[in-house]
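Dear colleague,

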Amino acid sequence: MPSLASARYGKDNVRVYKVSKDASTGVQTVTEMTVCCLLEGAIETSYTTADNSVVVATDSIKNTIYIKAKEHPVNPPELYAAHLAQHFLDRYAHISAAHVKVVVHRWTRMTIDGAPHPHSFFRDGQETRNVEATAARGSGISIKSGIVGLTVLKSTGSAFHGFVRDEFTTLAETWDRILSTDVDAGWTWKPFADVAAVENGVERFDRAWEAARNITMKTFANDESASVQNTMYKMCEQILAAEEEIQFANYSLPNKHYFEIDLSWHKGLKNTGKDAEVYAPQSGPNGLIKCEVSR
């Protein structure tokens with residue numbers, strides 16, 4: 001006989017925008033998020049016997065996302081996600097776990113005539129700040145933070161040689177290449193007993209995000225990279241060193257290739273090796289390198 005092995009449901013792609021207004025200065029701060037919230041618990045009969053009495057409507061979940069954004073700060077997103085996840089355990093006895101994902105979209109304050117504008121912003125990239133929080137009955141709150149979609153490139157300072165060569169290998173070794181990637185970085189915090197523990201020392205979350213972002217860019221720029229693998233490991237080491245409450249750090253980095261173009265067929269034009277200046281950016285296939293580093 002079949003049985004329901006696992007199930008969760010909820011509301012995805014809930015767009016939330018919140019503005020904070022300082023009446024004394026006229027300065028406003030904006031936050032735009034996409035939120036997903038999924039619930040688990042004693043809900044199996046809604047699947048197996050069409051018993052909807054155990055279902056918190058996804059429309060109610062959507063409304064709760066908005067209400068909790070009004071009632072609580074949305075920055076840092078880790079705190080908002082913890083408040084939202086814990087709400088469902090406190091409100092519904094049959095819900096055993098709430099999984100919240102928050103994606104914060106970039107809005108950067110404009111500088112006009114050398115001064116920060118009080119209420120105007122621009123989007124300076126598709127990078128997002130991501131948070132996943134799970135509140136589980138009897139297990140406290142687990143939080144993962146991250147950076148997604150930070151696109152970086154350096155035109156030199158990267159090599160790749162000494163790799164396995166066999167009958168399947170056509171790739172030439174190189175001591176100087178372009179390195180570009182879309183950064184997907186994450187860090188997992190030690191478990192929190194409750195929302196109060198998340199809120200106590202809440203500045204840790206912004207501090208870690210800023211440190212991880214700076215570590216990523218500085219290491220990417222300055223490291224004489226022998227491989228993406230070695231560079232990402234160095235980044236993880238530094239993130240763990242930056243915050244003692246972080247248990248794991250991870251990266252997923254696609255290697256976005258830029259290939260030299262041999263133009264010697266046209267009047268002997270030199271455009272390879274040390275003479276390379278014009279490249280063909282590739283959309284795929286691409287390398288994909290991942291790692292997770294623990295203490």
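Which strands and which helix each supply at least two residues of the lining of the second largest pocket? Please keep in mind, while looking for them, that this is a predicted model.

The elements in question are strand E2 (28-41), strand E3 (95-105), strand E4 (108-112), strand E6 (128-136) and helix H5 (203-222), and among these it is E2 that gives the most to the lining, with four residues. This second largest pocket has a volume of about 390 Å³ and is lined by 20 residues, of which Asn75, Val104, His105, Trp107 and Trp209 lie nearest its centre. By class, its lining holds seven nonpolar, six polar and seven charged residues.

The largest pocket, for its part, has a volume of about 700 Å³, and its lining is made up of 23 residues, with Leu171, Thr174, Arg177, Tyr258 and Phe259 lying nearest the centre. Two or more lining residues come from each of strand E7 (140-160), strand E8 (174-189), helix H6 (228-242), strand E10 (258-260) and strand E12 (287-294), and the largest share, four residues, is that of E8. When the lining of this largest pocket is divided by class, eleven residues are nonpolar, seven are polar and five are charged.

If you wish to begin with one place in the model, the residues nearest the centre of the largest pocket, including Tyr258 and Phe259, can be picked out directly in the view above.

With best regards

Note on methods:
Residues are numbered from 1 along each chain as its sequence is written. This is a predicted model: local features need pLDDT of at least 70, side-chain atom pairs count only at pLDDT 80 or more; totals for chains, interfaces and linings use all residues. Side-chain values use heavy atoms; hydrogens and water are left out. On a 1 Å grid over the protein atoms alone, a cavity is a set of points where a 1.4 Å probe fits but cannot get out, and a pocket is an open set with protein on both sides within 12 Å along at least five of seven lines; lining residues have an atom within 4 Å of a point. Grid points are joined across faces, edges and corners, and a volume is the space filled by probe spheres set on the points. Ala, Val, Leu, Ile, Met, Phe, Trp, Tyr, Cys and Pro count as nonpolar, Asp, Glu, Lys and Arg as charged, and the others, Gly among them, as polar.
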